[in-house]
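Morning, everyone. I have one structure to show today. Please take a look at it before I start talking.

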Amino acid sequence: MNTLHTTDQRVRQRLVWPVLQGLLCACLLGATVSANAQDQAKVRVDESIGNSVLDAALFYQLLLGELNVIGGEAGTGYSLILDAARKQSDAQLFKRAVDIALQARSGDAALAAARAWSEAIPGSADADRFQLQILLALNRVSETGAVLRRLVAQAPGPRRTDAINSIPQIYARVPDKKAALKVVREALGPSLKAPSFAAAAWSSIGFLEVMDKQLPQALVSARNGHAADPSSPFPALLALELMGLGHNAAETVVIGQLKARPPTAGSTPNVALAYARILYDLQRHAEARVLLESLTREQPDAVEPWLLLATLQVQGKRFSDAAQSLQTFMGLARQAGDEASTRGLTQAYLLMAQIAEAQKDYAGANAWLNRIDNADGIMAAQIRRASLLAHQGQMDKARTLLRNHPERRPEDARLKFVAEAQLLSDFKKWEQAYDVYGEAVTRFPEDMELVYNQAMMAEKSNRLDAMERLLRQIIAVDPDHHHAYNALGYSLADRHLRLPEAKELIERAAKLAPEDAFIQDSLGWVEFRLGNFQRAADILRVAYGKRPDAEIAAHLGEVLWVLGQTEQALTIWREGLLLANDNETLQSTLRRLRVTP
């Protein structure tokens with residue numbers, strides 16, 4: 001064992017002196033008790049004090065072991081401590097042997113000590129936890145099954161569910177996810193058959209399948225877990241993960257769980273709140289708002305739902321309702337006082353400023369912004385102040401405000417460029433926004449997102465040569481950049497240019513991101529431009545089903561209109577206006593076709 005080495009004597013001394021002090025105290029206590037036993041006439045020994053298990057030989061062995069560790073002979077010290085641990089079957093001594101090996105970076109020695117600990121003290125959860133962690137650190141995944149099975153089996157009652165749910169995180173850093181899945185499936189075999197734990201077990205397997213990109217199989221696991229216990233939140237949370245990755249078929253599991261166990265007062269709104277966030281991300285805002293309104297009625301003291309509801313109300317221009325929701329949120333957040341609530345307050349102040357700005361109460365908007373004093377929120381507040389100036393006809397001052405803002409964080413320089421370009425874009429100043437992105441790309445030449453944004457401004461300002469040059473630059477750097485293929489293909493198709501090439505570009509994007517509804521929209525649109533109307537309608541219906549969006553509604557409605565399905569077209573356009581009545585594509589389509597839905 002002399003292969004063990006330690007390098008920092010001061011660290012070793014800090015670690016070992018408490019141990020030596022403990023040993024000395026134990027020895028002195030034993031000596032005191034012995035002396036008292038010899039003279040009971042003078043002192044009566046307290047029965048609560050037990051004799052030390054240390055005899056002279058054991059004390060000397062432990063002392064010698066620690067002195068060897070201090071002296072740089074970690075291997076000898078490890079051997080002495082481990083031998084003493086085996087003789088005494090003492091968990092603290094086994095742990096000390098493991099610690100010595102880990103400090104000396106000898107994983108094999110640490111594993112040997114942990115295994116000796118498990119053999120000496122069967123059923124020790126601490127010993128098994130050390131074994132599992134060391135085996136994973138050594139990337140010996142296939143050997144973890146028996147240990148994992150014991151840890152799950154030993155966990156009592158409700159804690160067993162927690163143990164099962166922690167498994168995906170434990171194996172998250174394992175490079176070979178397939179090996180991890182094999183081990184976990186075998187270890188959780190008994191739990192999959194136990195009604196109380198099957199839902200959690202299937203969910204843990206499903207999350208590992210997500211990590212291994214086995215998304216269809218993960219969906220099967222979510223459904224199996226939900227079938228085992230429809231009220232369990234764990235399969236629903238797995239299903240939400242899958243929805244976020246574009247697998248909308250998982251939504252039935254979420255809906256089923258919420259029906260089996262609707263949110264009630266006092267319960268934790270994890271599934272309902274996460275579902276609302278997913279609906280928000282999918283731009284299914286009306287459904288998200290209905291869910292959040294229900295959630296805030298049932299659980300009015302839950303903090304987070306109020307903020308997300310207010311965000312939706314602001315986007316829907318329901319400013320009075322939004323202000324009321326924000327006031328409720330701010331009151332609850334101040335009472336909570338935790339870090340998440342404090343961050344939420346910054347967002348609430350920004351939303352209140354946005355409401356005031358929309359109502360042209362610029363002084364009130366500035367008053368809300370002045371409440372923001374944390375480093376992360378100051379930049380956001382400055383961006384909103386610039387928007388206030390721009391809406392008052394002071395665009396030059398707005399741009400100067402952003403450019404002069406100090407760069408307190410590394411990311412602030414980039415954020416300033418993006419904020420200025422976005423502000424110009426909001427006011428349809430495409431050429432100037434293009435130039436600002438050009439400055440940004442000059443400073444951050446490897447940032448392809450900035451190049452992409454500049455290409456989009458080139459498209460808006462009808463600089464098609466520049467747009468194509470920039471998008472092809474992105475593709476040359478990143479051949480899997482599906483957004484670049486899609487943007488170039490769609491721009492050509494929308495202008496009736498090089499349609500076969502446009503279709504090829506979009507099909508390449510679709511292969512790279514088959515679940516992306518916007519790419520499906522582009523594919524449907526190029527089919528329409530090519531005259532394949534029914535094919536276009538079929539593709540666009542699928543895209544709109546995946547992602548109800550005003551622009552997709554514009555395209556689907558036009559295809560249906562050309563096919564003579566006018567009532568369906570009008571219905572789709574009405575839905576699109578409800579989603580975003582200011583969408584440029586939708587409005588221009590209706591003007592061009594002279595239609596009022």
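This is a predicted model: local features need pLDDT of at least 70, side-chain atom pairs count only at pLDDT 80 or more; totals for chains, interfaces and linings use all residues.

The protein chain has 34 helices and 0 strands. What about its overall spread? The radius of gyration is 32 Å. The globule rule gives 25 Å for 597 residues, so the chain is more spread out than a compact globule. Along its principal axes, the C-alpha trace spans about 110 × 55 × 50 Å.

Next, burial and surface. Of the 597 residues, 48% are buried. The accessible surface comes to about 29800 Å², and carbon and sulfur atoms account for 52% of that.

Now charge. There are 67 positive and 69 negative side chains. The centres of those two sets lie 1 Å apart.

On to the contacts. Take those between residues at least 6 apart in sequence: 54% of them join residues at least 24 apart.

Now the helix, α12, residues 198-211. Does its length agree with its residue count, or disagree? At 1.5 Å a residue, its 14 residues should span 20 Å. The end C-alpha atoms are 20 Å apart, so the two agree.

Is α12 enclosed or open? Buried here means under 20% relative accessible area. By that cut-off, 11 of the 14 residues are buried, so α12 is largely enclosed by the rest of the structure. Among the buried ones are Ala 198, Ser 203, Ile 205, Leu 208 and Glu 209.

What do they pack against? The partners are α8, α9, α10, α11, α13 and α14. After α12 comes Lys 213, with a positive phi near 60 degrees.

That's my tour. Over to you.

Definitions and conventions. Residues are numbered from 1 along each chain as its sequence is written. Side-chain values use heavy atoms; hydrogens and water are left out. Helices (H or I, at least four residues) and strands (E, at least two) are DSSP runs, numbered from the N terminus. The expected span of a helix is 1.5 Å times one less than its number of residues. Buried means under 20% relative accessible area, exposed over 50%, partly exposed in between (1.4 Å probe, protein chains only). Contact means heavy atoms within 4.5 Å. The radius of gyration is taken over C-alpha atoms; the globule rule is 2.2 Å times the number of residues to the power 0.38. Accessible areas come from the Shrake-Rupley method with a 1.4 Å probe; for residues, only the protein chains shown count as cover. Lys and Arg count as positive and Asp and Glu as negative; His and the chain ends are not counted. The place of a charge is taken as NZ of Lys, CZ of Arg, CG of Asp or CD of Glu.
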